[in-house]
Amino acid sequence: MEYEAVIGLEVHVQLKTRTKMFTRVEQGFGHEPNTLTNPVIMGLPGVLPVLNLAAIEQSVRMGLVFGAEVPEVCRWDRKNYFYPDSPKNYQLTQLHEPIVVGGEVEIELPGPSRNVMGEHKHIRLDHAHLEEDVGKLNHYDFDSLVDYNRAGTPLLEIVTQPDLRSPEEAVALLQSLRMHLVAAGISDCDMEKGQMRCDANVSVRPQGADYLNKRCEMKNLNSISGVRNAIAYEIRRQAKVYEKGGTVIQETRRWDAESGVTTSMRSKEEAHDYRYFPDPDLMPVRLPRERVEALRAELPEGVFDQQRRYMEQYDFPYTLTSVICYDFELSRFFELAHAEYDQNPKAIANYIANELQRERAAGEEDGLLPMSQLLITPSHIAELVRIIDEGKLTKHLAKDVFTEMFQTGKRPAAIVKEKGLEQEDNSDELEGILKEAIAKNQKAADDVRAGNEKAINAFVGPAMKATKGKANPQQVREIVLKLLNG
Amino acid sequence: MATDLIWQSATALSALLEKGEVTSRDLTEAFIARAQAVEPSVHAYLDLHTDYALEQADQADQRRQLGQVRGPLDGIPVSLKNVISIKDLPLTAASKMLEPFVSPYDATTTLKLKNAGAVLLGRLNMDEFAMGSSCENSAFGPTFNPWDTERIPGGSSGGSAACVAAGETPLSLGSDTGGSIRQPASLCGIVGMKPTYGLVSRYGLAAFASSLDQIGPMAHTVEDAALLLQTIAGYDPLDSTSFNTSIPDYRAALQEAPKKWRLGVPTEFFGEGLDPEVKEAVQRAIQWYEAQGCEIVEISLPHNELSVPVYYVLAPAEASSNLARYDGVRYGHRSSEAKDAIDLYFKSRGEGFGPEVKRRILLGTYVLSSGYYDAYYLRAQKVRTLIRNDYLKAFEQVDAILTPTSPTAAFKLGEKKDDPLSMYLADIYTISVNLAGLPGLSMPCGFTQDKLPIGLQVIGQPFKESELFQIAHAYEQAHDWKTTHPNL
């Protein structure tokens, strides 16, 4: 029998705010253990939570990015359970009235090749609720230590509907979430830093069935490959159970990335009773409609909307947009360069997607030079494209100019001037050079006369050589045609 | 000299300081000497920090010499219930669980007292985590009623009440979740006041039941209570439930001529269970108001009889969660017997908490459990609204409400210790005031034949503390209960 998977994700995203969710302590990653704490974070007797408005607004923005509803009021509940990483032994969260309801995420599945756009789907969101992150336990041979630096970091849990049907769709959802959240400055979504973490609910059923089978929740999926592999493993495992005539029991399973299998953590019967109740220390949050609308007005363009616009408005090929649009920093770089010189978006985009990316990779052993460390600005690329378009620099020489400006941060016009690379408009000199070249290559000249324009290339090389690369290839063509065809 | 000072009101002491007749060191030494003399029979203090207090007194005297007096409380001793945090001092909540804990921060009320120049004299005994009505639930031994040391002082702020009643401090702070300021004030013959929920910051008050807890003043006189409340009241950005409202000048309001208030008397508060001597004293007080031209209106608070069961669902529910942080992992008592993390929880909490705290944690855990939540917690919240609505309806007719504070005068140590239900009924007249979030005040209105104090409770409208003080002050001015002191 053919089986189909039904998958829903719960994606935890650490919000980008300066301070923590309920107290003014900075949030961060990689600090000395227990330095990002205070009496509130440590859950000392007598402390009280105070809402971080920035986390509220980031959550509202997330809702707006995905077309969700932002109810006028959201409330806080306590989720009670004992664990050493939880300083109060309860977590402040939103059970009944979350900050974001509904919405949907557009995802793109892998296409047949990387040059071809894949299928797009819309995955519905159930809701997103705001909560506080917990600390981190580090286990050693004889004891365990707790680091509360992460405790209290604003955490948005985004819960999808069970609309996903394959590991690839789950991965595509995470990628789309990440692209959009990073672009809007809501989260950095770095899975290695735990800024984006994922639990997956998976069940399988016969292809085309309209009922849902028992699901298993998988915890600890903290990388893209983990999500893909764990879901794929779990689909196979459950399908095998049904094939053997068994039934899948509802349970929580842990994914072990090293051994590549999921193992049972606890069954439904063993599930915690979290004894949720409304938190008496925090007031309900009222979200003024004017503020929500103001936040909506400031949102950046959606990633796929921007991609469609570039393809339509600037005639960009899909591959170019998949480089520029899927990386928030590159698309912003492009937008700024284009704003400075709007006559040739495609050339600007190509320089960013090709030359810039190549140079960023060149100096790094692993990965790309961070955009924040670039010496060049969007303005450099705008200027470079402009002087090429003005005929002052050949594309051929532009490659070297690019490398030079990337390494030094000098303006392209200054480099051109300094190195004497200005393209020369000396048609008399060029005509002389070309006459000589034609005399030396009568076969090519005959081909051109016979209408084979490609043969002109035989004269471009010598012209470049004689002018040390400053000849304008277009001009070379025109002169050759004039000389040969009259 | 010293014996004169210890029975003075804080207001009078403040005047003496201002005239230069005494120094803050004189006062502080007098109260320390008194405490050292009577503590063996009262045990109001868990911790009398003598050196710390004298240091503050000297600083206050220095300020006075330099003309930098911070206000009427500058140089006046104040003692705090050991559930309000003072930076760098132990905070135990009278529990073994917190016995080794030293707080690294000041509660907002502590900070306000420090800023006002008050001399923080010591930390007062209480029922463990403020759970109890007799002060017998302290892990460090009970406090004794200064009027009869075989009797309890009331609770949970028993130390705070006994301390003022015994002349060991002119002012103290208590906390009141279901009557924990007013009931011991009544049983010890002093003034105790629970402000409107949200008037005083809870930041730094080790939480018992967050939606009910309020810190409030305890003193010899209404004016002193007003003075202390003036200092600690006000919006605090660190407490999201604190109310952003301007604080009127409570003491100035006391200078106004008494009005002919309309005062409600709820019939439900004078029925079965009320001691006849208490009933008579309270009725005499009501008659006094009537004689002054106040209109006495019989009112009904029909849901008040449900307030004890509602309270014993909601308060334990919140407590079970609030007290979860005491787990032996980060601070406080940690069992040395534990084998692993889970065992650490069981053993540390098993060893650290006393029986009443455990009883309430179990109760609270039960009522929040899945399958029971709707029947208990949710139902109790609905009844809480009905109780509040009863009061709001009554306040359409009356300015304030007069009732007994406690159904009986102080009972004997051990009398109710093993009967939690009868102990819980000691708060039958005070609990609904917390459930409704209203201000309430208890003041002396007589003595039993055994020379035990009786308290009158005045319940006011939300944030109308000024009027509440005026009503109480008028009665106090015409009576001299406060001139009788316990014979220790």
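A nonpolar core is here a set of buried Ala, Val, Leu, Ile, Met, Phe, Trp, Tyr and Cys residues joined through side-chain atoms within 4.5 Å. In this predicted model, the largest such core comprises 168 residues. The residues with the most contacts inside this core are B:Leu113, B:Phe129, B:Tyr289, B:Tyr391 and B:Phe469. Among the elements, H11(B) makes the greatest contribution to the core, with 9 residues. When neighbours within four places in sequence are left aside, B:Leu113 is in contact with B:Leu73, B:Val78, B:Leu80, B:Ala118, B:Leu120, B:Leu173, B:Leu228, B:Thr231 and B:Ile232. Another core, of 67 residues, lies apart from the largest one and includes A:Phe66, A:Met196, A:Met218 and A:Ile235.

The contact between the two chains involves 31 residues from chain A and 40 residues from chain B. About 2,700 Å² is buried between them, with carbon and sulfur atoms giving 58% of this area. On the side of chain B, the greatest losses of area to chain A fall on B:Ser240, B:Arg325 and B:Arg330, which together account for 22% of what that side buries.

Polar interactions across the interface amount to 18 residue pairs in polar contact, both residues of each pair being at pLDDT 80 or more. One salt bridge is found across the interface; A:Asp281 pairs with B:Arg202, and the closest N and O atoms are 3.0 Å apart. Helices H11 (307-322), H12 (341-352) and H13 (355-368) of chain B each give two or more residues to the side that touches chain A. H11(B) gives the most, with 5 residues. By class, this side of chain B consists of 22 nonpolar, 11 polar and 7 charged residues.

Note on methods
Residues are numbered from 1 along each chain as its sequence is written. Chains are lettered from A and ligands numbered from 1 in the order in which they are written. This is a predicted model: local features need pLDDT of at least 70, side-chain atom pairs count only at pLDDT 80 or more; totals for chains, interfaces and linings use all residues. Side-chain values use heavy atoms; hydrogens and water are left out. Contact means heavy atoms within 4.5 Å. Buried area is the accessible area (1.4 Å probe) that two parts lose on being put together, summed over both. A salt bridge is a side-chain nitrogen of Lys or Arg within 4 Å of a carboxyl oxygen of Asp or Glu. A polar contact is a pair of N or O atoms within 3.5 Å; within protein, one must be able to donate a hydrogen and the other to accept it, and residues adjacent in sequence count only if both atoms are side-chain atoms. Helices (H or I, at least four residues) and strands (E, at least two) are DSSP runs, numbered from the N terminus. Ala, Val, Leu, Ile, Met, Phe, Trp, Tyr, Cys and Pro count as nonpolar, Asp, Glu, Lys and Arg as charged, and the others, Gly among them, as polar. Buried means under 20% relative accessible area, exposed over 50%, partly exposed in between (1.4 Å probe, protein chains only).
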